[in-house]
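Here are some exercises to work through with the model open in your viewer. Try each task before reading its solution.

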Amino acid sequence: MDTNGKYFRKFVERNQKYYVEQNEKAKEKQHAKGKLTARERIELLFDENTFEEIDAFVMPASVDFGKVKQEYGDGVIIGHGKISGRLAYVYSQDFSIMGGSLGSVHAEKIVKVQDLALKTGAPIIGIIDSGGARIQAGIASLAGYAKIFYRNVRSSGVIPQISVIMGPAAGGAVYSPALTDFIFMTNKTSYMFLTGPNVVKEVLNEEVTFDELGGAEAHSKKSGVAQMIYDDEENTLLGVRKLLAYFPSNNLENPPFIESQDPPDRIEERLRDIVPDDPNKPYDVKEIIKLIVDNQRFYETSENYAQSLVVGFARLNGKTIGVIANQPKILAGTLDIDSSMKGARFVRYCDAFNIPLLVLEDVPGFLPGIDQEHNGIIKHGAKLLYAFCEATVPKITVILRKSYGGAYIVMNSKNVGGDFNFAWPTAEIAVMGPEGAVAVLYRKELEEAEDPVKFKKQYAAKYRDEIANPYIADEKGFIDEVIDPAVTRKKLITAFEALENKHLQIPERKHGNIPL
Amino acid sequence: MKMKFSKGEKNGAMKYIAYGSGKKKHEITFHQEKGIKIDKHQADIEIVKDGGLFFLKWNNKRYTAEIVDKNQNKYTLLVNGVSYDYSIETPTSYKRKKYLEKNEPKTKIQEVSAPMPGKIIEVLAEENESIKEGDPLFILEAMKMQNEIISHINGKVTKINVKPNESVEKGAILVEIE
Amino acid sequence: MKIKSLLIANRGEIAVRIINTAKKLAIKTYVIKTAKEPKAMYLEMADEIIDFSESIEDIPEFLDIERIINAAKEKNIDAIHPGYGFLAESPYFAQRCQEVNIIYIGPSADAIYKMGNKTIAKQIAIKHKIPLIQGSDGNVSSFKRAMVIARNIGYPVILKAASGGGGRGMRIVEKPKEMEKNYKLATTEAQKAFNDASVFIEKYIKNPRHIEFQIIADKHGNIVHLGERECSIQRKHQKLIEESPSPALDNKLRKEMGEDAIRIAKAVKYYSAGTVEFLLDSDNKYYFMEMNTRIQVEHPVTEAVTGVDLIELMIKVAEEEKLPFTQKDVKLKGWAIEYRINAEDVQSGFTPNQGILERFCYPNGKTTRIDTGVSDGAAITPYFDSMIAKLIVTGQTREKAITNSLTALNKIRIQGLKTTIPFHKAVLNTKSFREGDLSTSFIDTEMTKLFHQEPGEEEMAAFIAAFDYLLEVQSDEEAVVDYEKGKNLTPWLLNKRLKSL
């Protein structure tokens with residue numbers, strides 16, 4: 001073909017219009033608001049020069065009501081590329097074109113890429129930056145959303161789905177992210193809500209800004225809807241890349257492996273010093289996690305929400321594990337409604353994608369109080385219990401300190417399916433905490449005692465020593481071994497290796513009925 | 001020390017802007033061949049890392065540095081015992097930060113947090129009360145001393161989060177002032 | 001009688017200090033172990049440990065008089081040294097020791113009691129014609145009473161706890177309308193800290209200098225002073241920097257104040273080590289404040305300029321020996337400055353910085369002395385004070401001492417905690433400090449910035465942060481993610497998985 005002839009020239013001109021002109025306009029509009037363009041985000045997300053775009057030149061559908069601008073792409077860029085060398089699909093909404101609003105062609109593009117991802121068993125990432133349904137498109141726009149949500153659910157637990165909110169996501173549009181596995185948000189320039197501040201003002205006469213109502217901080221701290229937030233878009237996309245490196249491409253595969261120089265038999269004496277001898281003194285469980293995993297790298301999710309439970313991903317000897325740990329320095333590590341839900345969801349992702357679970361336990365129980373009871377701690381706590389019972393991935397628990405009553409059972413105890421259960425010498429495993437137990441068992445003696453406070457302290461110490469120690473549980477087989485904290489890493493790596501080929505038959509049913 | 005960059009690299013150099021409290025900023029450029037530049041000047045730095053401590057020599061002065069805290073790209077460091085807070089930005093994310101700063105809404109809710117863990121002995125302010133800079137808001141007992149927590153701005157108390165005899169953690173938000 | 005065994009009823013750097021001297025004198029040392037710091041440095045240095053880890057009582061270990069006395073009796077220990085703080089100024093403790101025939105390394109219970117009660121101490125000073133600050137006659141029972149007295153002596157006034165010091169239970173009142181609030185604050189704090197809400201009131205002297213005299217006396221009536229210390233660099237009445245001698249005193253003033261210090265010690269038949277505190281105003285008039293009937297934190301600066309070992313002298317005095325020197329033998333040579341290195345965050349208003357002292361290296365030379373009770377890996381807890389170490393630097397002149405101090409401070413390497421070192425550097429770089437122009441309001445009036453920043457620190461901080469970030473991004477980029485391993489499932493697993501999905 002003559003590269004100067006009319007055929008090739010037309011090809012080049014069309015590319016110029018889209019890739020250069022439209023692109024420049026997009027950059028102007030987005031950069032002025034401190035945001036990146038849809039294309040720039042894709043470039044940051046994927047490995048260099050691996051992105052292939054699909055349906056670049058589609059035009060918006062004609063509408064019965066109002067006008068639509070004739071611009072290529074209809075406000076969303078779709079395609080596939082490699083992330084850290086692995087195939088992944090993406091759709092990235094373009095706010096510079098009709099506010100990134102969803103018209104029927106826009107929706108069809110997203111549906112196309114969702115189908116491709118599901119067909120090929122590859123992860124899909126959605127970068128949301130959209131004003132929502134395109135009013136001019138009418139019901140076709142709503143139908144478009146419905147098709148997207150349907151596919152989110154069909155793919156749920158089959159391929160990893162990640163939503164990255166980098167702009168508005170309002171009204172019905174928030175459902176797609178809500179159905180996906182992870183939601184990332186960028187501080188200050190993204191927001192999610194079902195009903196916006198204008199309607200809130202009209203109906204309830206409450207004044208609130210976009211950021212206060214549904215910004216990244218609100219969703220990270222208060223609602224727990226966003227698991228990861230970052231201050232800027234580059235770091236957000238880097239975070240997505242980091243997260244994906246822990247996940248397999250689909251539910252048939254095992255998670256990927258990153259060779260680590262961190263020796264698998266590393267002895268860590270610092271671990272003996274972190275848990276204080278005084279059972280009422282708090283400590284930071286993240287210090288323990290960092291000392292056990294490869295290279296001190298722990299990817300924490302939902303960091304600002306339900307902080308009494310810490311969840312996240314890490315590697316042991318190169319292999320991905322999901323970590324769940326009680327955090328004694330927040331609320332004394334008790335489980336409450338929010339942390340039960342956070343934990344339950346996390347356990348279920350890991351189970352869906354064959355990621356083994358490590359539980360680090362130091363929990364005195366569930367948070368008491370009218371507030372918790374009336375808001376349903378019973379059913380929410382049950383969610384965490386259900387998730388652990390249901391999970392068939394390798395599950396290992398290490399009891400660091402307290403483990404009382406119902407919380408002992410829930411946190412992956414042996415009889416709910418813990419494959420290996422270890423305990424540190426500081427572990428206290430009992431039906432109730434020592435002070436509570438003494439109050440019940442010695443009620444009469446306490447009433448008659450001269451110095452009840454001293455009596456309680458003495459007997460609590462005795463209880464702690466004789467009944468709540470881990471050796472009794474060890475002797476009865478509820479704990480597999482009491483271990484020296486310094487060798488925890490070595491023990492865990494060997495234990496997980498032994499469980500590599502674990503498989504459990506799941507009962508045949510459509511699906512269980514987890515208390516929602 | 002071999003430096004190899006891939007993403008974000010321009011002309012074989014990686015440029016970062018360390019943005020600190022009080023709008024301080026320093027430009028640090030890492031170049032494949034030309035080495036390190038600080039604020040556009042070539043910098044010859046000797047670094048020795050020993051456990052968690054960095055021993056640095058620059059312009060014939062010695063420094064001891066330690067990374068105390070790190071969250072994503074936000075760092076708290078100690079250099080010679082003095083702490084510094086910086087977030088590491090790329091030129092793009094720095095521009096974004098500046099843009100957002102300019103457009104920050106004017107009425108911000110200021111929070112006063114507990115400087116250390118302790119017990120609230122007395123609550124001296126009331127909701128909806130107008131207060132001035134220097135007005136005492138709480139008495140916090142910590143480390144066997146009674147400390148007055150004072151306001152550093154003028155404004156109106158919108159929300160008091162604590163009651164007398166309540167124990168608080170360091171950083172707990174005690175009151176919101178508009 | 002010779003002391004062959006000694007129980008140190010204290011912890012941290014002073015316990016280490018006392019053990020060091022006891023070792024020199026071939027005395028067997030006993031210390032008390034608590035559950036709060038089971039691995040403390042002083043435990044490793046002592047000859048024998050008495051374990052108080054099982055604490056059922058609510059009384060803190062170092063305040064549990066009966067338990068300590070019983071432990072000493074059980075082990076047949078000759079003597080007890082209380083150090084400073086804790087039971088060091090408890091007349092009851094000194095008395096109990098005497099009752100069970102244990103030698104108490106300190107003054108008599110009577111002297112402790114009299115000087116420990118501010119009102120009684122004041123009355124003794126008046127009787128012996130020692131200059132005093134005007135104030136209430138005894139405790140003030142209500143804020144209204146306080147206002148009456150204040151009106152007489154003139155504002156500003158200061159409310160002080162009758163039974164203790166160290167800044168607790170103290171409140172300055174500038175105007176009558178602030179009296180009620182401050183009276184309430186002072187009495188509540190005093191009650192909490194000393195179990196006694198009584199406060200008295202005094203005229204408040206603006207910008208005074210804090211001058212104290214070290215007294216050492218034997219049981220044969222010989223009392224000598226070892227010169228003065230200036231401790232004007234204080235924050236909220238807690239001393240941070242002390243020096244000996246004071247740039248404000250000449251020989252004449254030293255002689256006058258020293259004689260008054262000795263006179264008041266004599267009035268309570270004092271023996272052992274003690275410190276008489278004065279305030280010196282800008283007209284070189286001095287006023288007696290109080291006498292501390294114990295060894296003090298800042299005693300090393302006196303040791304540095306006089307060459308004595310105060311702990312050794314205390315032990316010898318307790319053994320009924322006579323002081324080996326007289327007043328005319330006492331000469332102050334050179335200059336010494338002590339810096340208290342505490343685990344405090346100066347930039348956030350000196351808030352305590354608790355955590356683990358990961359690494360602590362310090363210089364040791366002719367002009368530097370470090371007194372510490374912690375080593376690498378020690379935990380600084382909220383149960384005890386936040387002191388890491390005391391740095392004592394000497395020099396032939398004050399200027400030399402200051403120069404040596406800056407060098408020494410720069411050589412200290414601490415990892416894991418923030419300390420007051422940047423504060424000390426800032427003081428040393430302040431002109432009025434270098435000129436010896438000190439007062440207790442120095443920090444508020446003379447310092448524009450409370451911490452010193454060397455030039456280039458900012459850039460180095462920025463550089464290290466950027467460098468670390470770059471390394472992390474690079475290592476993430478370079479990490480080879482191996483997907484094949486995840487795709488190669490064993491037949492067992494693959495089969496089972498396919499069947500169940």
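The exercises below go from a whole chain to single helices and strands, each with a worked solution.

This is a predicted model, in which local features need pLDDT of at least 70 and side-chain atom pairs count only at pLDDT 80 or more, while totals for chains, interfaces and linings use all residues. Residues are numbered from 1 along each chain as its sequence is written, and chains are lettered from A and ligands numbered from 1 in the order in which they are written.

**Exercise 1. Describe chain A as a whole.**

Step 1: Count the elements. Chain A has 20 helices and 18 strands, where helices (H or I, at least four residues) and strands (E, at least two) are DSSP runs numbered from the N terminus.

Step 2: Take the extent. Along the principal axes, its C-alpha atoms fill a box of roughly 100 × 55 × 45 Å.

Step 3: Look at burial. Of the 516 residues in chain A, 47% are buried. A residue is buried if 20 or more other C-beta atoms lie within 10 Å of its own, exposed if 12 or fewer, and partly exposed in between, with C-beta atoms placed from the backbone.

**Exercise 2. Find how helix 4 and helix 5 of chain C are arranged, and what surrounds helix 5.**

Step 1: Compare the axes. They come within 8 Å and cross at roughly 175°; axes are lines fitted to C-alpha atoms, for helices over the stretch in contact, and angles run from 0 to 180 degrees between N-to-C directions.

Step 2: Classify the angle. Helix 4 and helix 5 of chain C are therefore roughly antiparallel (under 35 degrees counts as roughly parallel, over 145 as roughly antiparallel, 65 to 115 as roughly perpendicular and the rest as oblique).

Step 3: List the contact, meaning C-beta atoms, placed from the backbone, within 7 Å. C:Pro91, C:Ala94, C:Gln95 and C:Gln98 of helix 4 meet C:Ala109, C:Ile112, C:Tyr113 and C:Gly116 of helix 5.

Step 4: Check the surroundings. Six of the eight residues of helix 5 (109–116) of chain C are buried, among them C:Ala111, C:Lys114 and C:Met115. The buried residues pack against helix 4 (91–99), helix 6 (118–127) and strand 13 (286–292) of chain C.

**Exercise 3. Work out the layout of the open sheet 7-6-8 in chain C.**

Step 1: Read the pairing. The three strands are antiparallel; two strands pair if DSSP finds at least two bridges between them.

Step 2: Find the edges. Strand 7 (171–173) and strand 8 (199–203) of chain C each have a single partner strand, so one side of each lacks a neighbour in the sheet. From one strand to the next, the twist averages 25°.

Step 3: Place the helix. Helix 7 (143–153) of chain C packs on the sheet, touching strand 6, strand 7 and strand 8, and its direction makes about 15° with that of strand 8.

Step 4: Five bridges join strand 6 (157–161) of chain C to strand 8, and C:Ala161 has C:Val199 as its bridge partner.

**Exercise 4. Is strand 14 of chain C enclosed or open, and which strands does it join?**

Step 1: Count burial. Eight of the eight residues of strand 14 (335–342) of chain C are buried, so it is largely enclosed by the rest of the structure.

Step 2: Separate the faces. C:Trp335, C:Ile337, C:Tyr339 and C:Ile341 lie on one side, and C:Ala336, C:Glu338, C:Arg340 and C:Asn342 on the other.

Step 3: Follow the bridges. Strand 11 (238–244) of chain C runs antiparallel to strand 14 with four bridges, pairing C:Ser244 with C:Ala336. Eight bridges link strand 14 to strand 21 (387–395) of chain C, also antiparallel, and C:Trp335 stands opposite C:Gly395 there.

Methods:
Two residues are in contact if their C-beta atoms, placed from the backbone, lie within 7 Å.
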